Amino acid sequence: MPASGPEESAALSRLVFELTLLSRQFPASLLRRPGFHLDRSAYLILSRLEIDSPLSLRELSEAFQLDISTINRQVGAMLKHDLVERVPDPDGGIARKVRASRKGLEQVAADRDRSQEGIGAVVADWADADVEQLSTLIARFNESIEHIEDNPWPRPPHAR
C-alpha cells in the first residue's frame, strides 16, 4: 500500500505504531498468564507439525526462515521433553523427519485453549462481527507477508 497522500500516510503510520504495540503486548501477555506448558518456539513448531507433518529439519528451517542449527537446537530440546519424535520419511527419503508426539499435541492444544481464553477476555465485549473482521484482516495481513516472502503457511480448515 504505497502512501499517496497525507491520509494514507497517517493510516500507515498508525498501523506501524499499533503493530509495534501488539508485538510488545502479545509475548508479555503470555508470560503474565500462568499455566502455559510450552515456550514460544515449541508452540510454533508444534502448531506447524500439527497441520503439516512430518517435516525434516531442513523443511522446518525453510518454513520458519531460521538457520538449521537453530531449528536443530529447538527440536533437540523438544525431543528431550517428548514433545516430538523422529520418524522415517514416509516418502522413503534418507533424512528422518520430525512429528508431534501425543504429549506435544496435547500441550499445544492446552496452550491454544488458554490463549483463546485470554484473547477471548480481551474481546469479550466486542460484537462477533468485529472479532470476525479483525480475524479476517489479520489473516489478510499475514497472507500478504507470506506472498512477499514466498513462504505460504498452511492453515487448518477452521482458520480459513
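How many salt bridges does the structure hold? It holds seven. A salt bridge here is a side-chain nitrogen of Lys or Arg within 4 Å of a carboxyl oxygen of Asp or Glu.

## The model

This is a predicted model, in which local features need pLDDT of at least 70 and side-chain atom pairs count only at pLDDT 80 or more, while totals for chains, interfaces and linings use all residues. Residues are numbered from 1 along each chain as its sequence is written, and side-chain values use heavy atoms, with hydrogens and water left out.

## Overall layout

The chain has six helices and two strands. Both kinds of element are DSSP runs, numbered from the N terminus: helices are H or I with at least four residues, strands are E with at least two. Their order along the sequence is α-α-α-α-β-β-α-α.

The chain has 160 residues, and 24% of them are buried. Buried means under 20% relative accessible area; exposed means over 50%; partly exposed lies in between (1.4 Å probe, protein chains only). Now take the contacts with a separation of 6 or more: residues 24 or more positions apart account for 52% of them. A contact means heavy atoms within 4.5 Å.

## Helix H2

Helix H2 runs over 40–51. Its 12 residues should span 16 Å at 1.5 Å a residue, and its end C-alpha atoms are 17 Å apart, so the two values agree. The expected span is 1.5 Å times one less than the number of residues.

Which residues of H2 are buried? They are Ser41, Ala42, Ile45, Leu46, Ser47, Arg48 and Leu49. The buried residues of H2 pack against helix H3 (57–64), H4, strand S1 (84–87), strand S2 (97–100) and H5.

## Salt bridges

Side chains of opposite charge can pair when their charged atoms come close. Arg48 pairs with Asp52, and their closest N and O atoms are 3.2 Å apart. Arg48 counts as buried because its relative accessibility is 8%. Asp52, at 29%, counts as partly exposed.

Arg112 and Glu50 form another salt bridge, at 2.5 Å from N to O. This pair links distant parts of the chain: Arg112 sits in helix H5, Glu50 in helix H2, and they are 62 residues apart. Arg112 has 27% relative accessibility, so it counts as partly exposed. Glu50 is also partly exposed, at 36%.

Asp89 and Lys97 meet in a salt bridge too, at 4.0 Å from N to O. Is Asp89 buried or exposed? Asp89 is buried, at 15% relative accessible area. Lys97 is buried as well, at 9%.

## The second largest pocket

The second largest pocket contains about 170 Å³ of space. On a 1 Å grid over the protein atoms alone, a pocket is an open set of points where a 1.4 Å probe fits, with protein on both sides within 12 Å along at least five of seven lines; lining residues have an atom within 4 Å of a point. Grid points are joined across faces, edges and corners, and the volume is the space filled by probe spheres set on the points.

H2, H4 (68–80) and H5 (102–122) each supply at least two lining residues. H4 gives the largest share, three residues. Among the lining residues are His37, Ser41, Ala42, Gln74, Met78 and Lys103. The lining divides into five nonpolar, five polar and two charged residues. Nonpolar covers Ala, Val, Leu, Ile, Met, Phe, Trp, Tyr, Cys and Pro; charged covers Asp, Glu, Lys and Arg; the others, Gly among them, are polar.
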